[in-house]
Amino acid sequence: MLVSNFTCQIVKDQQEEAHILEAVYRLRYQVYVNEWGFEDPKDHLDGLEKDAYDKHSLHFYAYTDTVDNIIGTARLILDSDSTLPIEQHFDIHELPEGVARNKIAEISRLAISKDFRRRAIDRVIFSRGESNVDELEQHQATLKQVERERRKCEHELIRGIYLLIYRESLKRRLTHWYAVMARGLHVILGRWGIQFKQVGPAREYHGLRAPYLLCIRDLEKYLAKRNPELLEL
């Protein structure tokens, strides 16, 4: 079975930790170019998926045994002179009263390694001496359990990254997060009390996506009531 055994970190210095950033960009290439085709490989001939927003971003990553084995990443785009990606691609409703534009950051480029997602299934298939069709059929219950564990671990990885984003946001006195996401991720986050509110109409953008906004103070209040152990993390 796949065990949740990973560490989440932030890139503290983009120059000193350039090798980690390169591994982050390679993972993003794997997910956003190779797996989903969201980005054109012609725009990333070096095999690194990166853009102009990265230099204005905080980069978060998760790894297993060593930092060379990055299995998940996301970034937090901080306010800069240019508009945020969400503002370029979506029609955003007016911000709630009292929300300062320079206190909003955008979460984007969430990516989970395909190798991490498949590891639980692979262990069941390849850990036995003989893996023929009859044997696999006999272990359908095991496979289903492994798939449930795989999904659980993937969700825990996403949660771990979001918790680290939360911690860093408090340090920088941010008040809100923007995010563009599919409904599935919105539902998963909502179950943990990370409740984004839709602030504009959904549109076709690498699939059906919608713009969301989250008040960090509201998140704290909700977790303090409903899930204090998560807040303590």
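Tutor: Gladly. Let's start with a pair of charged side chains: Asp 79 and Arg 101 meet in a salt bridge, with N and O 2.5 Å apart. Asp 79 lies in the loop between E3 and helix H2 (85-89), and Arg 101 in the loop between H2 and strand E4 (104-112), so the pair ties together parts that are 22 residues apart in sequence. This is a predicted model, in which local features need pLDDT of at least 70 and side-chain atom pairs count only at pLDDT 80 or more, while totals for chains, interfaces and linings use all residues. Residues are numbered from 1 along each chain as its sequence is written, and side-chain values use heavy atoms, with hydrogens and water left out.

Student: Why is the contact between Asp 79 and Arg 101 called a salt bridge?

Tutor: The term asks for a side-chain nitrogen of Lys or Arg within 4 Å of a carboxyl oxygen of Asp or Glu. The N to O distance for Asp 79 and Arg 101 is 2.5 Å, so the pair qualifies.

Student: What makes Asp 79 and Arg 101 partly exposed?

Tutor: Buried means under 20% relative accessible area, exposed means over 50%, and partly exposed is in between (1.4 Å probe, protein chains only). Asp 79 has 34%, so it is partly exposed. Arg 101, at 27%, also counts as partly exposed.

Student: How do you know that Glu 22 and Arg 26 form a salt bridge?

Tutor: Their N to O distance is 3.2 Å, so the pair meets the cut-off. Both residues lie in helix H1 (residues 18-35), four residues apart, about one turn of the helix. Helices (H or I, at least four residues) and strands (E, at least two) are DSSP runs, numbered from the N terminus. Glu 22 counts as partly exposed because its relative accessibility is 35%, and Arg 26 does so at 42%.

Student: Which parts of the chain does the pair of Arg 75 and Asp 54 link?

Tutor: Arg 75 and Asp 54 form a salt bridge with closest N and O atoms 2.7 Å apart. Arg 75 is in strand E3 (residues 70-77) and Asp 54 in the loop between H1 and strand E2 (57-63), 21 residues apart. Both Arg 75 and Asp 54 are buried. They also belong to a salt-bridge network with Arg 28, Glu 39, Glu 49, Asp 51 and Arg 109.

Student: Why is Tyr 61 called buried?

Tutor: Tyr 61, found in strand E2, has 4% relative accessibility and therefore counts as buried. Beyond its neighbours within four places in sequence, Tyr 61 is in contact (heavy atoms within 4.5 Å) with residues including Ile 10, Ile 20, Val 24 and Ile 70.

Student: How do you know that the buried residues of H7 line one face?

Tutor: The buried residues of H7 (residues 216-226) are Ile 216, Leu 219, Glu 220 and Leu 223. Seen down the axis, they fall within an arc of 100 degrees (taken from the directions from the helix axis to the C-beta atoms), so they line one face. On the other side, Arg 217, Lys 221, Lys 225 and Arg 226 are exposed.
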